[in-house]
Amino acid sequence: MQHNLTLTLLPEIALDDDAFRQYINKKLNLRSTDQPFIRKTRQSIDARSRQVKVNVQAEVYVNEQPPSLIETPLEYPDVSNRPQALIVGCGPAGMFAALRLIELGIKPILFERGKDVRARRRDLAAINKEHIVNPESNYCFGEGGAGTYSDGKLYTRSNKRGDIRRVLEIFVGHGANEQILIDTHPHIGTNKLPMVVAEMRKSILEAGGEIHFDTKVTDFILEGNTLKGVITDDKTEHTGIGVILATGHSARDIYELLDQRNILIESKSFAMGVRIEHPQSVIDQIQYHCQTDRGPYLPAASYSLVTQTRYQGVQRGVFSFCMCPGGFIVPAATASGEVVVNGMSPSRRDSAYANSGIVVSVEDIDLLPYKEFGALAGLQYQKEVEQAACKLAGETQTAPAQLVTDFINKKISSELRETSYQPGIIPVDLYEVLPPNIAFPLRDAFSDFGRKMKGYLSGDAQLIGVESRTSSPVRIPRERDTCEHPVVKGLFPCGEGAGYAGGIMSAAMDGQRCAEQLVGLYASA
């Protein structure tokens with residue numbers, strides 16, 4: 001017999017496995033001889049009232065075997081002798097494109113400028129401990145892309161992009177915890193995602209696909225208005241039936257190459273700001289209405305904030321971005337001479353700190369001084385702010401920082417708090433780092449956020465800059481229906497780097513879609 005339940009429970013019941021099982025047994029009046037199989041299918045925390053509740057949907061199978069939670073088959077055919085398509089970039093867009101090509105009978109050849117997930121760790125340690133940035137292997141570049149070592153959130157609002165459940169099941173099929181199929185805001189975690197990525201690589205290789213690490217694409221093979229392939233840094237030419245360009249939002253050399261080759265690209269809106277870091281206990285107390293700690297059952301609390309400000313007559317949105325409860329701030333620079341920060345959380349989200357990007361929309365008027373750069377105007381704007389942050393903070397990976405209360409009062413902090421940012425922080429006037437059109441809207445927004453979340457402007461909250469890689473400032477245009485570039489045939493701009501995704505899930509779905517469109521147009525040609 002099957003029972004489908006929708007429940008609202010206290011955390012100590014919903015989030016404790018033994019207590020939850022006992023509750024279900026009692027609710028259904030199960031006998032001691034019954035053999036129930038109990039599993040949650042959906043779970044979310046409701047902290048809107050002072051008494052925190054957990055909303056749970058569950059299935060109970062009594063004396064019968066439950067069906068598998070996984071409906072997506074993970075059997076990949078041998079494509080070693082099939083026509084090949086090229087994929088530039090081995091992040092979520094590229095890897096999911098590769099798996100979808102295999103399912104559709106095409107051999108994927110992936111080129112990744114960075115290293116595999118295991119070798120990549122040494123370069124991350126060098127950034128954190130020695131302030132050495134490897135421009136080809138860092139928090140942004142390498143197997144799995146930026147998301148592998150910067151959080152692993154699997155939440156997206158992009159329901160129209162593709163099958164969210166299918167992507168989650170592929171992750172589970174490659175080793176992710178089934179909990180991601182249940183949570184409203186699923187999260188793998190930076191400590192678990194590398195193993196999942198390595199298993200996905202194994203699937204690609206075992207099916208006959210190829211992945212070339214430490215291999216940088218430096219040019220395109222163009223015949224008229226058709227892209228035939230790519231040239232890598234060892235001068236080797238590679239051809240295929242199509243090219244999926246999934247290089248991520250920080251591959252600036254690819255944008256510059258497209259511009260040099262007169263391949264149509266466009267300037268795109270983006271946002272910029274800082275990371276704000278609190279003790280996690282402060283956020284827990286605000287969100288869970290508790291006097292001390294959150295207790296043994298509730299997870300580290302998160303938040304989402306948005307407001308509208310005006311600066312010199314222009315309305316500007318300010319919003320939280322990539323909030324990381326129980327997390328760390330990490331250095332996300334891709335070149336020496338720049339400081340960029342990002343956030344991440346391990347799967348347990350058990351750090352003593354909470355951090356979030358707080359960013360301001362960059363408007364067209366802000367880029368007018370950069371008109372000479374054309375579609376790369378936003379890229380130049382980003383570079384100048386990142387370089388200013390590095391210069392003012394000492395020209396290492398030490399980051400400029402300021403207490404949020406001092407920032408609001410335009411006062412340099414005499415001392416800073418402890419931080420999760422391993423390269424270290426230094427007191428700096430962030431008004432000297434950030435352009436006025438970013439700094440002043442941030443100041444107004446923090447005052448508003450302090451009213452919305454009492455205690456948010458804590459004396460222990462500090463700002464660390466700069467959060468500048470929220471999304472690509474460049475879009476590589478494509479046709480709505482075919483995902484193909486409107487001018488260059490055989491080119492399929494994909495994922496965050498092309499301006500069509502905003503995180504792991506949307507990038508993965510976009511990769512699948514681009515693979516399907518490439519096959520539909522060229523596999524039978």
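Two strands pair if DSSP finds at least two bridges between them. Helices (H or I, at least four residues) and strands (E, at least two) are DSSP runs, numbered from the N terminus. This is a predicted model, in which local features need pLDDT of at least 70, side-chain atom pairs count only at pLDDT 80 or more, and totals for chains, interfaces and linings use all residues. Residues are numbered from 1 along each chain as its sequence is written, and side-chain values use heavy atoms, with hydrogens and water left out.

Strand 2 and strand 3 form a hairpin, with six residues between them. Strand 2 covers residues 36–46 and pairs with strand 3 in the antiparallel sense over 10 bridges; within this pairing, Ile 38 stands opposite Val 60 of strand 3. Strand 1 (residues 2–9) also pairs with strand 3 in the antiparallel sense, over eight bridges, and here Leu 7 is opposite Val 56. Strand 3 (residues 53–62) has seven of its 10 residues buried, so the rest of the structure largely encloses it. Buried means under 20% relative accessible area, exposed over 50%, and partly exposed in between (1.4 Å probe, protein chains only).

Next come two helices. Helix 3 (residues 92–103) packs against helix 6 (residues 193–206) at an angle of about 30 degrees, with the axes 10 Å apart. Helix 3 is therefore roughly parallel to helix 6. Angles under 35 degrees count as roughly parallel, over 145 as roughly antiparallel, 65 to 115 as roughly perpendicular and the rest as oblique. Axes are lines fitted to C-alpha atoms, for helices over the stretch in contact, and angles run from 0 to 180 degrees between N-to-C directions. Contact means heavy atoms within 4.5 Å. Helix 3 contributes Met 95, Phe 96, Ala 98, Leu 99 and Ile 102 to the contact, and helix 6 contributes Val 197, Met 200, Arg 201, Ser 203 and Ile 204.

Strand 18 (residues 399–403) pairs with strand 19 in the parallel sense over three bridges, and Pro 400 has Ile 426 as its bridge partner in strand 19.
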